[in-house]
Structure formats: structure tokens, C-alpha cells
Amino acid sequence: MKTILNDTLGIKFPLFQGGMARISDAALAAAVSNAGGLGIIAAGNSPSDFLLREIKKIKSMTNKPFGVNIMLMSPFAEEVAQVVADEEVKIVVTGAGNPAKYMKMWTEYGAKVIPVVPSVALAKMMTRAGAFAIIAEGGEAGGHIGDITTMALVPQVCDAVNIPVIAAGGIADGRGIAAALMLGASGVQVGTRFLAAKECGVHENYKGMVLKAKDIDTVSTGKRLGHPVRAIKNSFVREFLSKEYDSSVSNEELEKFGEGRLKLAAVDGDTKEGCFLAGQIAGLVNREQPACEIIEEMFEQAKEILSGAGKFL
Ligand code: TUI
């Protein structure tokens with residue numbers, strides 16, 4: 001399946017693997033890149049030495065293109081941005097903020113910058129700032145999210161910008177790919193389904209939580225703090241929500257209560273106290289598979305659907 005992204009990025013399938021903090025490392029990203037998608041290493045909240053190590057690792061694991069995702073809310077965003085430039089990473093995805101101040105530093109050596117945005121206004125702003133493409137992420141996605149659904153956001157972003165749009169949020173099979181293309185996107189970004197990839201090194205309890213999740217098992221938390229986050233319901237999430245609705249709990253206390261939860265989930269596999277970020281589509285993810293199988297299956301299904309779509313006319 002071919003869109004403008006295949007040739008401009010040098011990939012076989014127009015699919016990005018989501019840059020998931022504490023999860024998307026060189027092993028997962030290399031597996032996706034080697035399968036013909038775009039593997040993406042997530043810098044998350046880690047200091048730059050972690051990212052440098054993973055970049056060096058992926059360079060030894062694949063000759064195919066890969067990207068780095070920079071979480072702009074990270075206290076280490078500045079040093080991480082520098083490492084990306086030093087290593088001349090060709091594809092830079094940003095999330096959770098405005099990358100404008102780093103744009104020159106990356107485009108100067110020829111990087112393609114692809115910001116994740118939750119709104120039309122930000123999509124326009126990033127386009128003006130020199131983005132190569134835009135990832136329009138709906139609120140069905142896991143992790144830090146905006147308000148608008150993928151279905152409503154993608155066509156509005158496509159109409160507002162003249163650069164390629166990648167749809168994200170709620171996409172885990174070929175139906176999602178076909179739908180995204182119909183909404184005007186040139187590709188998709190997939191996170192949640194890759195949590196169940198064989199090459200995904202997240203704790204096995206995390207995979208278990210995703211495999212067992214049903215459609216209504218994720219919930220958005222932290223709206224009060226200005227950065228809503230979607231995660232699978234568990235005792236931590238329930239307690240967080242009750243504190244969030246309790247006006248006697250200060251924002252500082254609430255922030256503090258949420259600290260370190262991603263590590264508890266991804267590294268320690270603490271099913272009660274960890275924060276298991278995942279999208280609403282987790283209910284569709286039911287088995288562990290190699291990344292290449294996930295990608296091939298998704299595009300096979302999309303191809304089948306799209307080639308049969310004439311029956312509706
Ligand atoms: O970034 C994500 N998803 C994430 S980041 C993350 S790690 C984290 N840790 C602690 C607190 C919060 C997150 C887990 N999942 N997705 C991309 C995304 N970007 N979603 C929303 C946005 C976004 C929001 C505001 C992009 C730009 C933006 O701009 C506001 C501004 O600064 O102008």
C-alpha cells in the first residue's frame with residue numbers, strides 16, 4: 001500500500017509505531033523498521049544518555065529508517081533534543097508540547113520533524129513552523145491526550161494543512177487503516193497494538209493487562225492538572241480519580257500521587273499501583289505476535305477492505 005509517505009520516508013508501509021514512554025526502545029523500533037514500518041524510539045521522561053544508547057543500538061540493528069519521539073514535557077527535553085541533533089536522527093516526532101524552539105536545530109541538518117497534535121490550531125501552527133507532516137492524534141489514544149476524537153480530528157486537520165497527515169488514536173487493525181485513509185490521512189500511527197508485540201520488552205503483566213482489556217476498560221485521568229492521560233482502570237487509577245474529584249486534594253498532591261507510576265507499570269509490572277497507559281482500542285488486541293506479523297496482517301486486511309469498497313457504490 002502506497003501513499004506519499006512511502007517514498008518520502010523510505011518505508012514499505014505507511015505505518016508509524018507510537019513512541020511510548022518507557023516502552024518504545026531500540027528492540028521494538030528495530031523490529032517495526034525491519035518489518036517495513038517506521039520504528040520510533042521514545043525518549044519519554046528519561047535523561048539523554050538512555051536515548052543515546054538506544055540510538056546507537058538501533059543503528060546496529062537495522063539499516064532501515066527509524067525515528068525518535070521527544071516528549072516535550074520532559075525535564076530532559078532540551079538535552080534529548082541535542083542528542084537527536086548530534087546523532088543526526090532523520091525523523092523527529094514530538095509530543096506533549098510545541099517543538100517550535102527546536103525546529104531550526106533539527107531541520108538544519110535535514111531532519112524531518114513530525115509533531116503530534118490534538119487540534120487544528122496546533123496543526124496549522126506546526127505547519128507554519130516547518131513541520132514535514134502532522135500526526136493528528138484523537139482522544140481514543142493511550143497516554144497524554146487531547147479532547148477530540150480521531151474521527152472528528154483527522155478530516156479537519158487534513159483540510160487545514162497542505163502537508164501529509166498521519167492518523168493516530170484507536171487504530172489497531174486494517175479497518176482502522178482503511179478508515180484513516182478515507183478521512184484523508186496518508187498513514188497511521190499505532191501504539192496500543194505494539195504493546196502486544198513479541199519484541200516489545202514491557203513487563204509481561206503490562207501485556208496481560210492490554211490483552212485482557214475490554215472496550216470500556218480505559219479511562220482518562222488528570223484533566224484537572226491540564227494534561228489528561230488515558231490508562232487502563234486499576235486500583236491506582238480509581239484512587240487517582242477519586243482524589244481528582246476531591247477538592248480538598250491539591251494539584252501538587254495529585255501530581256505527586258501520579259509520579260513514578262509508569263515505571264511501576266512498564267518495568268515492575270505492578271498491576272495495582274502502576275499506570276498502564278493504553279488506548280480505547282485495547283479491547284481489540286487479543287494476542288501477542290511478532291511486529292512483522294502485526295504489520296503484514298493489518299495491511300493485508302486494509303487492502304482487502306479497500307479493494308472491496310466498490311460494492312458500496
Ligand atoms: O504525548 C503523547 N502521549 C504521551 S506522552 C506520555 S509521558 C507523560 N508523562 C507524564 C505526564 C504526561 C505524559 C504518555 N503519553 N501524545 C502526543 C500528544 N501531544 N498528545 C497531545 C499532545 C499535545 C498537547 C499539547 C501536543 C501539543 C500540545 O501543545 C500545547 C502547547 O504547548 O502549545
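**Phe 66 and its surroundings**

Modeller: Leaving aside residues up to four places away in sequence, Phe 66 touches Ser 33, Leu 38, Gly 39, Ile 55, Ile 58, Lys 59, Val 89 and Ile 91. The model is a predicted one. Phe 66 belongs to strand β3, which covers residues 66-71. Its relative accessible area is 11%, and because buried means under 20%, Phe 66 counts as buried. Gly 10 is 56 residues away from Phe 66 along the chain, and the C-alpha atoms of the two are separated by 9.8 Å.

Strand β3 also takes part in the packing of helix α4. The buried residues of α4 pack against β3, and also against α3 (48-61), β4 (91-95) and α5 (103-107). Helix α4 spans residues 77-86, and its buried residues are Ala 77, Val 80, Ala 81, Val 83, Val 84 and Ala 85. An α-helix has 3.6 residues a turn, so residues three or four places apart point the same way. Just after α4, Glu 88 has a positive phi of about 50°.

Asp 246, Glu 252, Glu 253 and Glu 255 form a negative surface patch. Asp 246 sits in the loop between α10 (235-244) and α11 (251-258). Asp 246 is partly exposed, with a relative accessible area of 31%, whereas Phe 66 is buried at 11%.

Technical notes: Residues numbered from 1 in each chain as written. Predicted model: local features only at pLDDT ≥ 70, side-chain atom pairs only at ≥ 80, totals over all residues. Heavy atoms only, no water. Helix = DSSP H or I, 4+ residues; strand = E, 2+ residues; numbered from the N terminus. Buried < 20%, exposed > 50% of the residue type's maximum accessible area, 1.4 Å probe, protein only. Contact = heavy atoms within 4.5 Å. Patch = residues over 30% accessible without salt bridge, like charges linked within 9 Å, V, L, I, M, F, W, Y side chains within 5 Å. Areas by Shrake-Rupley, 256 points an atom, 1.4 Å probe, with all protein chains shown as cover. Salt bridge = Lys/Arg side-chain N within 4 Å of Asp/Glu carboxyl O. Lys, Arg positive; Asp, Glu negative; His and termini not counted. Charge placed at Lys NZ, Arg CZ, Asp CG, Glu CD.
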